Amino acid sequence: MEGAVADTFEKRYLGLSDTEVLTEDRGMLFVQDGPGEYTYVMREMSFGIDIVFVDPNGTITTIHEAPAPGPDEDGNSQEYSGTGQYVLEVNEGWTAERGVEVGDEVRFEL
């Protein structure tokens, strides 16, 4: 899978907001400064995503299926929390289609 890396505050804040479409095998990897409890929102999203929290060792700790906000919603009230140092955002249903589960390991190079 290919994707963008959000490794600064500005990039993490913007994330996939205002993105029109995410092609099938693309995603965004969010890199936090350290492990902890983080909350992600669906701010200005036009499509649903899977939000995958990953600990510093690469183990998936939480997976959320986050639908797109409704027509009169901005997505700020759709909050998804988890523990980790990394968060991978991919198209909604991507993890289920591939059998990805909590406890699986993720490997990537920054």
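1. A quick word on terms before the notes: helices here are DSSP runs of H or I with at least four residues, strands are E runs of at least two, and both are numbered from the N terminus. On that basis the chain comes to 2 helices and 5 strands. Keep in mind that this is a predicted model.

2. Overall layout. Going along the sequence, you read β-α-β-β-β-β-α. The chain is as compact as a globular protein of its length, because its radius of gyration of 13 Å is close to the 13 Å that the globule rule gives for 110 residues. The C-alpha trace spans about 40 × 30 × 20 Å along its principal axes.

3. Of the 110 residues, 42% are buried. If you take the contacts between residues at least 6 apart in sequence, 71% of them join residues at least 24 apart.

4. Strand E5 deserves a look. This strand covers residues 79-91 and is mostly covered, with 10 of its 13 residues buried. E5 runs antiparallel to E2 (residues 26-41), and 10 bridges join the two. E5 also runs antiparallel to E3 (residues 49-54), this time with 6 bridges.

5. Leu88 itself. This residue sits in strand E5. Is Leu88 buried or exposed? Its relative accessibility is 17%, and the cut-off for buried is under 20%, so Leu88 counts as buried.

6. You'll find Val102 in the segment after helix H2 (94-98). With a relative accessibility of 51%, Val102 counts as exposed, since the exposed class begins over 50%. Which residues does Val102 touch, leaving aside those up to four places away in sequence? They are Ile60, Thr61, Thr62 and Ile63. Val102 and Val52 are 50 residues apart along the chain, and their C-alpha atoms are separated by 8.8 Å.

7. One backbone item to check by eye: Glu44. This residue has a positive phi of about 55°, although it is not a glycine. Glu44 lies in the loop between E2 and E3, that is, between two strands that both pair with E5. At a relative accessible area of 41%, Glu44 is partly exposed.

8. The second largest pocket. Its volume is about 300 Å³, and 17 residues line it. Which of them lie nearest its centre? Those are Arg12, Tyr13, Thr39, Tyr40 and Arg43.

9. Where that lining comes from. Helix H1 (9-14) and E2 each supply at least two residues. Sorted by class, the lining of the second largest pocket has 10 nonpolar, 4 polar and 3 charged residues.

Note on methods: Residues numbered from 1 in each chain as written. Predicted model: local features only at pLDDT ≥ 70, side-chain atom pairs only at ≥ 80, totals over all residues. Heavy atoms only, no water. Buried < 20%, exposed > 50% of the residue type's maximum accessible area, 1.4 Å probe, protein only. Pairing = 2+ DSSP bridges. 1 Å grid on protein atoms, 1.4 Å probe; cavity = no way out; pocket = protein on both sides within 12 Å on 5 of 7 lines; lining within 4 Å. Points joined across faces, edges and corners; volume = space filled by probe spheres on them. Nonpolar A, V, L, I, M, F, W, Y, C, P; charged D, E, K, R; others polar. Rg over C-alpha atoms; globule rule 2.2 N^0.38 Å. Contact = heavy atoms within 4.5 Å.
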